[in-house]
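Dear colleague,

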Amino acid sequence: MSTPSKPSEAMIFYDIAMRPPIASTCCSPNPWKSRLALNFKNIAYSTTWVPLPDIAQGRRALDMDACRKFGDGTNFYTLPILIDPNTSSKIGDSFDIAVHLQTKYSNSGSGNLFPPQNLDFVFNHDLALLVPLSERKESEHDEYSRFNTNVDAAFTAHVPLMVHNLPFDPATAEASKAEFIRRAGVKSWNDFEVKGEQREKLKESFRLMLGDLGKQFLRDTSGPFLLGEQASYADLIVGGWLRMMRVTLPEDEWEEARGWHGGIFGRLYDGLEKYME
């Protein structure tokens, strides 16, 4: 039985609300991976914006388990969630959403999200991670799943450069900050600010990591993507994190990072903008 090229009913996508105007401030990397995938597949959907303090309750109300756990075993509730009424599906993990879109609507949009390619980027580190990573599940797209885990670890290790500038909605900012403080076990929001020599050191670590990741993009330089002119989910994985950088880094640091390593990541961000609507 062939898969339909397009769903007949619009899907519902749950994303994390930041301060207004939300369309230009939303910056959570995992929801962005899914938003890019939905747009890549040219699938109709509406967005339900969920304030940060309401995510756990909202996820439980949809009867969705947490897909990550903190080191102490407690649940880490986060988004995205995608509801697909065409298949009566509820999916609560960004990687699983991409697999669902490709499996159910393989002929839709800009083609295959998972074309065969070698994705051998590995991030070995001893840096503390502020948030837990999703558990990696064996899948038919194992190369992509492994890449997703390594990219998430690499960027999460450098998230302290970005956290203090998160554009919280003023209506829920205090509750959101309190939750971050509780999770990280720090005393105040200002403890998240990284400046001076400490910032320069972490920036240099970030630059070196991106140089390592950037080698993957030098195999085919006919376009901005890993496969040259053809985008894939691997590009969208990196793109979700570039979006967070774009919104949360000071403007001069974003411009600096865009230009690192011959501008690889600036070109990738620009190449993905058509899927960012």
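The notes below cover a sheet with its helix, and then a pair of helices.

This is a predicted model, in which local features need pLDDT of at least 70 and side-chain atom pairs count only at pLDDT 80 or more, while totals for chains, interfaces and linings use all residues. Residues are numbered from 1 along each chain as its sequence is written, and side-chain values use heavy atoms, with hydrogens and water left out.

The sheet is open, with four strands in the order S2-S1-S5-S6 and mixed pairing, where strands (E, at least two residues) and helices (H or I, at least four) are DSSP runs numbered from the N terminus, and two strands pair if DSSP finds at least two bridges between them. Its edges are strand S2 (45–51) and strand S6 (89–91), each of which pairs on one side only. Strand S1 (residues 11–17) pairs with strand S5 (residues 81–84) in the antiparallel sense over three bridges, and Ile12 has Ile83 in S5 as its bridge partner.

Elsewhere, the axes of helix H5 (residues 142–156) and helix H7 (residues 196–214) come within 10 Å and cross at roughly 160 degrees. The contact is made by Phe147, Val151, Ala154 and Phe155 of H5 with Phe206, Met209, Leu210 and Leu213 of H7.

Best regards

Key:
Axes fitted to C-alpha atoms, helices over the stretch in contact; angles between N-to-C directions. Contact = heavy atoms within 4.5 Å.
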